[in-house]
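Please look at the sequence and the three-dimensional structure shown here before reading on.

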Amino acid sequence: MIYPVTVYGDSVLRKVAEPIGPDYPNLPEVLENLWETMYHADGVGLAAPQVGLPIRIFVIDASTAADDEPGLQEFKKTFINPVILERTGEPWAMEEGCLSLPEIREDVARPEMVKIRYQDENFKEFEEVYGGFVARVIQHEYDHLEGILFIDHLSSLRRKLLRGKLNNIAKGKVQPHYKIKVPLR
Ligand code: NI
């Protein structure tokens with residue numbers, strides 16, 4: 001099932017999401033729906049709060065970046081209850097977008113490397129270090145679990161300049177090709 005994507009203005013995007021256990025209701029189905037929703041919207045990652053679920057899960061398929069980083073061809077992972085243990089390296093900027101912020105793209109600076117602990121869909125625990133594109137996507141998705149959006153990393157001037165666009169998103173005056181859930185309508 002494809003979920004509508006919650007967009008800017010919805011309070012669920014500003015909550016700190018809750019950890020879950022293996023007994024979370026219909027978890028396999030929820031995960032399947034997250035993947036389906038992400039692919040339908042042409043996203044590289046999707047966090048549960050973006051479909052209205054305030055729980056600590058995100059999914060990432062970074063295979064679209066395999067042209068630049070051949071190791072990513074098979075990169076498709078579910079992160080449950082992730083904890084970023086360390087961020088290292090020089091922050092570097094790259095243009096980011098977000099399914100919850102349709103039609104906005106901005107340069108965001110993030111540290112180069114992350115060390116992350118998480119559980120997979122079988123609640124097996126992993127501790128891994130990532131760099132490059134995946135480190136960026138992980139940090140973006142992880143932010144969603146903390147109630148943070150990429151626009152929060154911009155200068156106050158950039159944010160001011162985006163105010164009109166943000167208001168339009170909150171009012172549903174955007175038309176991405178995927179279905180959205182509009183907070184103020
Ligand atoms: Ni996002």
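A residue is called buried when its relative accessible area is under 20%, exposed when it is over 50%, and partly exposed in between, as found with a 1.4 Å probe and the protein chains only. By this rule, 49% of the 185 residues of the protein chain count as buried. The structure is a predicted model, in which local features need pLDDT of at least 70 and side-chain atom pairs count only at pLDDT 80 or more, while totals for chains, interfaces and linings use all residues. Residues are numbered from 1 along each chain as its sequence is written, and side-chain values use heavy atoms, with hydrogens and water left out.

The overall form comes next. The C-alpha trace of the protein chain spans about 45 × 40 × 30 Å along its principal axes. The radius of gyration is taken over C-alpha atoms, and the rule for a globule is 2.2 Å times the number of residues to the power 0.38. For 185 residues a compact globule would have a value near 16 Å, and the protein chain agrees because its radius of gyration is 16 Å. The accessible surface, found by the Shrake-Rupley method with a 1.4 Å probe, comes to about 9400 Å², and 49% of this belongs to carbon and sulfur atoms.

Helices (H or I, at least four residues) and strands (E, at least two) are DSSP runs, numbered from the N terminus. The protein chain has three helices and nine strands, and along the sequence they follow the pattern β-α-β-β-β-β-β-β-β-α-α-β. A contact means heavy atoms within 4.5 Å. Of the contacts with a separation of 6 or more, 66% are between residues 24 or more positions apart.

Most residues other than glycine have a negative phi. Asp42, in the loop between helix 1 (27–40) and strand 2 (45–47), has a positive phi of about 60° although it is not a glycine. Asp42 counts as exposed because its relative accessibility is 60%. Glu103 lies in the loop between strand 5 and strand 6 (106–110), and this residue has a positive phi of about 70°. Glu103 is exposed, with a relative accessible area of 56%.

Which residues does Arg110 touch, not counting those up to four places away in sequence? They are Glu90, Pro91, Trp92, Glu96, Arg136, Gln139, His140, Asp143, Phe150 and His153. Arg110 belongs to strand 6 and is buried, with a relative accessible area of 3%. Gln50, in the loop between strand 2 and strand 3 (57–61), also counts as buried, at 2% relative accessibility. Leaving aside neighbours within four places in sequence, the contacts of Gln50 include Pro4, Leu13, Cys98 and His144.

The last stop is the largest pocket. A pocket is an open set of points on a 1 Å grid over the protein atoms alone, where a 1.4 Å probe fits, with protein on both sides within 12 Å along at least five of seven lines; lining residues have an atom within 4 Å of a point. The largest pocket has a volume of about 440 Å³, a volume being the space filled by probe spheres set on the points. Of its 23 lining residues, the closest to the centre are Val44, Glu96, Gly97, Cys98 and Arg105. Strand 5 (92–96) and helix 2 (132–145) are the elements that give two or more residues to this lining, and helix 2 provides the largest share, five residues.
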